[in-house]
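Open the structure in your viewer and keep the sequence beside it. The stops below say what to select next and what is there.

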Amino acid sequence: TEIYTLSLHDALPIWIARADRGRCPLSTEVQMRPALQISAALAWLVLCTPPTAFAEDAAKKTVERIVFHGNTVFDDGDLRGMMAVRARGAFRRSFYDSRVFDDDLKNIGLKYGERGYPDARIAGVSIDSTGSRYRIDITIEEGRRIVIGDISFRGGTVFGDDQIRKDIRLKPGAPCGNTLVKNAANAIMTMYGRKGYLDVVVTHDIRVDRETGRATVTFGITEG
């Protein structure tokens, strides 16, 4: 075991020289002078982090801010919460990654769809990459809200329509979101399963009238 009594400032050149030779000083015991002591955890972190890690971080661009335009359904805070790419904070750094950012934009579209805005889209993205920081502006066109209108069923004989409507809890006026409709289809399958119809198949069809902003949902039931 090699034992050094030196400050962190003095230790860094030794660490760099050892790292250049492919050796991380994992077995090195560092005894700091009392006036320059740092926590053991911090010393371990600094001494065992490859120099390339600092270079890679320096090469990345941090996100300084993300601003949304045209949004009324969700406020800016809600939209930022849907994203993995976020603006830096007092105790958080956020690096820009184009693939993650693209997934974030898709996720925003899905969230709008669940609120009944199937036509919502990202109308524009402006990225100012001046210097080492990204400043991102996102413009959203929300489109018209679509709600559930008529709900009908075909093919089922075991349950009446009124009983199914009561159990699925999908009501006219609810936002026309895929998750709500799929949950209703699953609820119908559960009803049949409890009656012993384990092979039941339930499909759903959504027809949207964008002039009225209402959707007709039809559930097809094959009892098996």
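Two strands pair if DSSP finds at least two bridges between them. Helices (H or I, at least four residues) and strands (E, at least two) are themselves DSSP runs, numbered from the N terminus. This is a predicted model, in which local features need pLDDT of at least 70 and side-chain atom pairs count only at pLDDT 80 or more, while totals for chains, interfaces and linings use all residues. Residues are numbered from 1 along each chain as its sequence is written, and side-chain values use heavy atoms, with hydrogens and water left out.

**Whole chain**

Show the protein chain as a cartoon: it has 7 helices and 8 strands. Of its 224 residues, 30% are buried, meaning under 20% relative accessible area, with exposed being over 50% and partly exposed in between (1.4 Å probe, protein chains only). Counting contacts (heavy atoms within 4.5 Å) with a separation of 6 or more, 62% are between residues 24 or more positions apart.

Show the side chains of Arg133 and Glu64, which form a salt bridge with their closest N and O atoms 3.3 Å apart. The term stands for a side-chain nitrogen of Lys or Arg within 4 Å of a carboxyl oxygen of Asp or Glu. Arg133 in β5 and Glu64 in β3 are 69 residues apart, so this pair links distant parts of the chain. Both are partly exposed, Arg133 at 30% relative accessibility and Glu64 at 26%.

Next, select Asp137 and Arg65, whose side chains meet in a salt bridge (3.2 Å, N to O). Asp137 lies in β5 and Arg65 in β3, so the pair ties together parts 72 residues apart in sequence. The whole structure has 9 salt bridges.

Select β8 (214–222). Strand β7 (residues 201–209) pairs with β8 in the antiparallel sense over 9 bridges. The hairpin of β7 and β8 has 4 residues between the strands, and Gly213 there takes a positive phi near 75°.

On Arg207, what is the bridge partner in β8? The partner is Thr216. Arg207 also forms a salt bridge with Asp205, at 2.8 Å between the closest N and O atoms. Arg207 is exposed at 58%, whereas Asp205 is partly exposed at 28%.

**Last stop: Glu223**

Glu223 is in the segment after β8. Its side chain reaches the backbone nitrogen of Thr157 at 2.5 Å. Among the residues in contact with Glu223 are Gly155, Val158 and Asp199.

Notes. Polar contact = N/O pair within 3.5 Å; in protein donor to acceptor, adjacent residues only side chain to side chain. Lists of a residue's contacts leave out its neighbours within four places in sequence.
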